[in-house]
Amino acid sequence: MSDKENLFPHPVKTFPIGVEYYRGGSPRTDVWEKDFKRIKESGFTIIRSASYWNWMEPAPGKYEMEDYDLFLDLAHKNGLSVWLDIMLATHGACPEWLIKKYPDMNTVNHLGQKIMPHAHPAYPQGGVIHCYDHPAWKKHGGSLLRHVINRYKNHPALHVWGLWDGIALPSMWSGQGDQSPCYCDNSIAKYFDWLKSKFTLSEYNTRTLRKYQDWDHVDVPRSNNNVLEMLLYRQFHYENLAEQLKWMINETRKLDTIHETRTHGSQPRPWDEICAQYADSWGMSMASNNLLTSNDPYKLAERAFVFDWARCLGKNGRWWNEEIYSGMSNGGVTWKKQTDPKELITLLWMTLAHGASGAMFWQYRPDYVSFESPGYNLISLDGHPTERFKAVSNAISQIDSLSEHLPLSIPKAEVALVNHQFSHELFSYNDEGDRFLGDLRGTYRTLWEYGIPVDIVTPKMDWSDYKLVIMPNLALMTDEAANRICATLKQNVSTSLVAEGNFGLYADNGLSSYNPPEHFSEQFGVRISDFSRITDEEIDRENHFLQTKYGDIQLTSSFGYAVLEPKGKTKIIAHYKENPIAIQTEDNRFTWYSTTFSEAFEDVGSKDLLLGIVNENKIHIPLEVTGDKLISLVRKSERGGYLVFLFNIEGTKATTVIKPNWEYNDIEDKLGNANLNKPNSTSISIEIEPWDLNVLYFK
């Protein structure tokens with residue numbers, strides 16, 4: 001038996017499912033034994049603890065961790081594996097004695113004000129106020145990290161090291177609404193060292209349109225309107241953040257080369273990609289409430305988009321959905337709508353179908369110490385199961401029955417959707433970060449709804465194997481993005497690029513382009529002659545249409561557009577009134593719509609535009625669906641053949657005909673709840689109950 005097998009005496013499922021349980025004193029230890037037994041009996045295999053630094057080390061070098069000793073021992077006794085978060089950053093405060101000892105350790109906002117002690121429902125015993133750039137962070141935090149690793153690395157229950165929960169700049173968790181980077185003396189000093197390593201003073205002046213005569217005259221930018229300088233200041237902070245994560249992982253690896261290291265984000269942030277490359281896996285968490293039960297259940301696509309983003313970032317595609325919220329905060333003295341059991345199991349199954357390595361629920365018991373109680377709980381305040389818990393336990397049993405088909409593999413898509421994080425950064429300076437994400441999600445949603453597989457990519461990745469690459473709002477034309485576009489067009493003559501919205505209006509340093517689209521005006525034969533916007537009032541007063549090669553498409557919400565002027569053999573392919581708003585090159589390999597596919601359509605990608613583009617580029621749709629709408633996801637089984645996940649996310653029964661576009665010999669109903677008419681040579685009739693799913697195996 002290998003050392004690794006010795007470390008894992010409890011069999012670890014191919015798709016493990018766990019639950020968060022303990023944070024600094026809550027829940028109390030006398031309920032643990034009973035809870036752990038029920039957790040195991042209900043099919044969960046992992047139990048997670050999100051620790052607090054000030055709870056683990058109440059005095060310098062005094063580690064009070066007897067509760068964690070008990071936690072791991074009881075987990076092992078009950079056949080559970082442990083996911084242990086070590087909270088040196090983001091959630092939870094550093095010890096109070098550390099701030100008293102180093103009064104210059106506080107994070108400082110852009111106004112020069114120290115971030116003072118505060119709390120939040122997620123960290124009631126104190127939020128982050130310390131800057132990671134202070135030497136004491138690595139000195140004392142590193143000591144705690146090494147102590148915890150050494151203390152538990154050989155414990156038979158240990159399974160995962162959580163090394164950064166919600167990785168972000170310290171100011172992001174300040175509780176004071178300030179999202180600026182830190183401006184403490186340590187951060188500023190590190191920034192200038194970084195700046196001088198990249199630029200001479202003359203080069204810095206050229207890039208930022210300054211005339212500094214001495215480095216001592218240079219200051220840090222304190223407003224997002226200092227666009228040229230702020231792009232550099234935030235780039236430093238993101239690279240610095242990644243280096244700090246890398247340090248934590250390296251310190252862990254010096255002592256433990258066996259157990260998985262992970263970190264996580266939420267919806268896409270501009271620093272995700274640079275950080276995700278270091279950990280063994282990437283994770284994500286997002287609110288799970290009022291999705292199916294809303295008037296627009298297809299906004300569930302926003303979660304699926306983040307699932308695919310996490311898969312894009314994870315090392316070798318490895319990612320976790322590590323916080324499926326079992327309820328909805330805030331609770332406390334008033335109560336909010338709880339997550340419907342059907343929503344929980346739909347998110348769990350979609351997590352599996354989108355290629356996750358496993359799933360975690362947040363959380364088992366209510367967090368008794370804060371106003372997240374009663375909130376995110378699977379179990380009621382008195383420790384008895386809720387309907388949510390029963391539904392999840394049943395779903396775990398169903399997923400376990402698919403074990404011979406796991407792990408699933410996701411076939412490479414023919415369509416790629418580009419998330420350009422530097423452009424996201426630039427949009428956020430004008431308070432349009434949500435607009436940037438909204439346009440990404442809107443395009444993704446329509447492709448997802450109509451069963452068109454899509455991969456999320458970035459300019460760091462190879463695009464040449466895709467038939468169609470869609471680039472929403474690639475506004476900041478970095479050298480990396482420009483080189484990727486050129487390389488893609490050169491490497492594969494069958495790849496088409498489609499830009500939507502803001503494309504190349506800004507140069508690499510953040511200046512507005514003198515000849516937009518930057519780098520490509522001459523190559524693609526197009527110039528921008530003007531800009532405008534149609535307001536909601538105008539939309540309400542009269543009908544507005546885009547005239548396109550796919551027909552006239554009615555616009556339903558406010559939208560902005562650029563007026564495009566083709567040059568040479570480039571042709572106009574769409575108008576708004578008399579204004580050209582889309583062009584295509586003579587070889588049809590580059591297309592640009594100067595409005596996005598979703599902004600003018602209430603943030604949902606235009607079906608007419610997107611399906612027209614998909615059909616024009618001969619994109620293969622693996623499963624044809626006619627009749628009532630279903631979400632279909634086709635995955636390769638470990639046994640060979642395909643597992644098809646069919647989700648009815650509407651509140652009425654779906655009666656649908658599906659037609660697989662591949663050869664098969666037989667079909668198995670894997671959940672035993674399908675109402676199938678046996679297939680003829682081409683199609684299968686199927687019924688699915690409201691908010692339910694079927695899984696079919698085609699072999």
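## Cysteines

The structure holds zero disulfides (a disulfide is a pair of cysteine sulfur atoms within 2.5 Å). Cys131 is in no disulfide; its nearest cysteine sulfur belongs to Cys184, 3.6 Å away. Cys182 is in no disulfide either, and the nearest cysteine sulfur is again that of Cys184, at 3.6 Å. Cys131 is buried, at 2% relative accessible area. Cys182 also counts as buried, at 2% relative accessibility. Buried means under 20% relative accessible area, exposed over 50%, partly exposed in between (1.4 Å probe, protein chains only).

## Basis of the model

This is a predicted model: local features need pLDDT of at least 70, side-chain atom pairs count only at pLDDT 80 or more, and totals for chains, interfaces and linings use all residues. Residues are numbered from 1 along each chain as its sequence is written, and side-chain values use heavy atoms, leaving out hydrogens and water.

## Helix α7

Helix α7 spans residues 185-198. Helices (H or I, at least four residues) are DSSP runs, numbered from the N terminus. From first C-alpha to last, α7 reaches 20 Å, close to the 20 Å expected at 1.5 Å a residue (1.5 Å times one less than its number of residues).

Its buried residues are Ser187, Ile188, Tyr191, Phe192, Trp194 and Leu195. They lie on the same side of α7, because they cover an arc of only 160° around the axis (taken from the directions from the helix axis to the C-beta atoms). The face turned away from that buried side carries the exposed residues Asp185, Asp193 and Ser197.

## Leu437

Leu437 sits in helix α15 (residues 433-449). Leu437 counts as buried, at 1% relative accessibility.

Technical notes. Helix = DSSP H or I, 4+ residues; strand = E, 2+ residues; numbered from the N terminus.
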